Structure formats: C-alpha cells, structure tokens
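The exercises below each set a task and then work through a solution step by step. Please keep the sequence and the coordinates at hand while reading.

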Amino acid sequence: MSKFRSLLHNNRQTLSKTASYYVIHITVAAMVAYAVTGNLIASLTLSLLEPTVQAFAFFFHEKAWQRWNVRKQAAATNAGLSHAA
C-alpha cells in the first residue's frame with residue numbers, strides 16, 4: 001500500500017471528522033461574511049479560504065490530541081506497573 005493510501009486508511013475517522021467540520025465551517029463562514037460584507041462574491045471567497053486553512057489546522061490538532069492520549073495511557077500503565085513492583 002502506498003504511503004498516501006496508508007495515511008488515508010489509518011486516519012479515516014479523523015479525515016471524516018475534518019471533512020464534516022469543513023462543510024459546517026464553510027456554511028457558517030459564508031453566512032457571517034455575507035452578513036458583514038453584503039457581497040456574495042466576497043463572502044464566498046472568504047468562506048472558502050479561511051475554513052480550508054482551518055481544516056488543515058484541525059487535522060493536525062486532532063492528531064496531536066491522539067498522541068497526547070496515547071502518551072497519557074502509557075504513563076498511567078507505567079505508573080501502575082511501578083506501584084505493583
């Protein structure tokens with residue numbers, strides 16, 4: 001399996017969450033940008049640009065939380081083992 005396909009397979013849930021968040025974010029951003037500017041083209045441009053950057057940030061944020069949880073569980077396991085000795 002290629003590295004890219006492996007990345008997609010191993011991160012399926014995070015990528016799905018990122019995609020659903022992206023759609024919600026674009027919708028909200030478009031409505032807010034239109035309310036502020038009154039300009040459909042400007043609101044569509046803003047609503048696509050900012051959430052796209054945020055989607056990438058969310059993906060890496062989610063990965064950081066996953067690593068933190070793994071480390072926390074490992075520390076708890078190690079602490080349990082040291083108390084048993």
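**Exercise 1: Helix 2 and its end**

Determine which residue just after helix 2 takes a positive phi, and how far helix 2 reaches.

Solution. The model is predicted, with local features requiring pLDDT of at least 70 and side-chain atom pairs counting only at pLDDT 80 or more, while totals for chains, interfaces and linings use all residues. Residues are numbered from 1 along each chain as its sequence is written, and side-chain values use heavy atoms, with hydrogens and water left out. Helices (H or I, at least four residues) and strands (E, at least two) are DSSP runs numbered from the N terminus, and the protein has three helices and zero strands. Helix 2 covers residues 12–37; with 26 residues, it reaches 37 Å from its first C-alpha to its last, close to the 38 Å expected at 1.5 Å a residue (the expected span being 1.5 Å times one less than the number of residues).

**Exercise 2: Tyr22 and its partners**

State which residues Tyr22 touches, and decide whether Tyr22 is buried or partly exposed.

Solution. Tyr22 lies in helix 2, and its contacts (heavy atoms within 4.5 Å), leaving aside residues up to four places away in sequence, are with Leu48, Pro51, Thr52 and Ala55. For Ala55, which is 33 residues from Tyr22 along the chain, the C-alpha separation is 5.9 Å. Buried means under 20% relative accessible area, exposed over 50%, and partly exposed in between (1.4 Å probe, protein chains only); Tyr22 is partly exposed because its relative accessible area is 24%. The buried residues of helix 2 include His25, Ile26 and Ala29.

**Exercise 3: The nonpolar patch**

Find which residues make a nonpolar surface patch of about 500 Å², and classify Val32.

Solution. The patch is made by Ile24, Val28, Met31, Val32 and Val36. Patches are made of residues with over 30% relative accessible area and no salt bridge, like charges being joined within 9 Å and nonpolar side chains (Val, Leu, Ile, Met, Phe, Trp, Tyr) within 5 Å; a salt bridge is a side-chain nitrogen of Lys or Arg within 4 Å of a carboxyl oxygen of Asp or Glu. Accessible areas come from the Shrake-Rupley method with a 1.4 Å probe, and for residues only the protein chains shown count as cover. Val32, found in helix 2, counts as partly exposed because its relative accessibility is 47%.
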